[in-house]
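Thank you all for coming. Today I would like to walk through the side-chain contacts of one protein, so please have a look at it first.

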Amino acid sequence: MPKALHVSIIVLIIVAIVFTAIMLILRYDEKGEENMPFDISKISIISSINGQDIEDSNHLWNKAVGQDNDIHLYIEKNKNYKETETIDKVVLNNFVISEFPKKGTISIFQPSNNEKEFFENIDKYKTEEIVYTGAQSTNWKELKISNQGGLIAFRVANQNLGTYVSNEKEIDYKNLLKKINIKEEDISLKMSFDVSIVLTGEKQYKTTVDIELPAKGIVETGKEGTEINGKDLVFKRVEN
């Protein structure tokens, strides 16, 4: 075989290998892990209005008006994954607001350990990182998730939107934002956060979730919901 032809074949082989490697890298960047041991099947967002009492002896009602967004993540075992794995922990962090609302103050809250309330908007539960540890069963109040998957949650609250003062006999909570002249564009925001699923044995997978809050129509109805399809999330392996 002529030397020039031999060199050409070697070059073609090298080019093919490099091209294949680049295509695999690009595919991984776009698709991420395609056979995860656990998946997020969906993310549910429930937006609502709240009014907390302010002490006032001169009026029947004095409410500090806020708007809550409860984010629920459904983590499920991948039926197509053949190996046996268990969840050591799920970490929610790197909360970043890319577009702030025009009004209010944004805070992140973990679930409350109050048996009567899933969430309480008080400093005790305000956080920048939430860690659910793997256990035999899921328990929000103890920040535990079943090691074979479960439902976890956190709250994004927009506080200090205004106060509603009235002497009416009754008030309708669903109309509180309208009562204080808050429009949907006043409270709209965009944010992202990271979800890391850490397995026993230290395998770790991470994705970034982008969300827009609150769910559309909240000002008119007082409570709305929306969902994000978990299939749209891209998980990547984190090397320790």
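I will begin with the charged pairs and then turn to the aromatic rings.

Please keep in mind that this is a predicted model, in which local features need pLDDT of at least 70 and side-chain atom pairs count only at pLDDT 80 or more, while totals for chains, interfaces and linings use all residues. Residues are numbered from 1 along each chain as its sequence is written, and side-chain values use heavy atoms, with hydrogens and water left out.

A search of the whole structure gives eight salt bridges, a salt bridge being a side-chain nitrogen of Lys or Arg within 4 Å of a carboxyl oxygen of Asp or Glu. One of them joins Asp-68 to Arg-155, with the closest N and O atoms 3.3 Å apart. Asp-68 belongs to strand E2, residues 61-77, and Arg-155 to strand E7, residues 150-166, so this pair ties together parts that are 87 residues apart in sequence; strands (E, at least two residues) are DSSP runs, numbered from the N terminus. Asp-68 is buried at 4% relative accessible area, and Arg-155 also counts as buried, at 10%, where buried means under 20%, exposed over 50% and partly exposed in between, with a 1.4 Å probe and protein chains only.

A salt bridge also forms between Lys-190 and Glu-99, whose closest N and O atoms are 3.6 Å apart. Lys-190 sits in strand E8 and Glu-99 in strand E3, so parts 91 residues apart in sequence are tied together here. Lys-190 is partly exposed at 31%, and Glu-99 is likewise partly exposed, at 41%. Returning to Asp-68, salt bridges that share partners join this residue, Asp-70 and Arg-155 into one network.

Now to the rings. The structure holds five aromatic pairs, meaning rings of Phe, Tyr and Trp (its six-membered ring) with centres within 6.5 Å, and with planes under 30 degrees apart called stacked, over 60 edge-to-face and the rest tilted. Phe-95 and Phe-193 are stacked, because their ring centres are 5.8 Å apart and their planes lie at 25°. Phe-95 is in strand E3 and Phe-193 in strand E8, so the pair ties together parts that are 98 residues apart in sequence.

Definitions and conventions. Helices (H or I, at least four residues) and strands (E, at least two) are DSSP runs, numbered from the N terminus.
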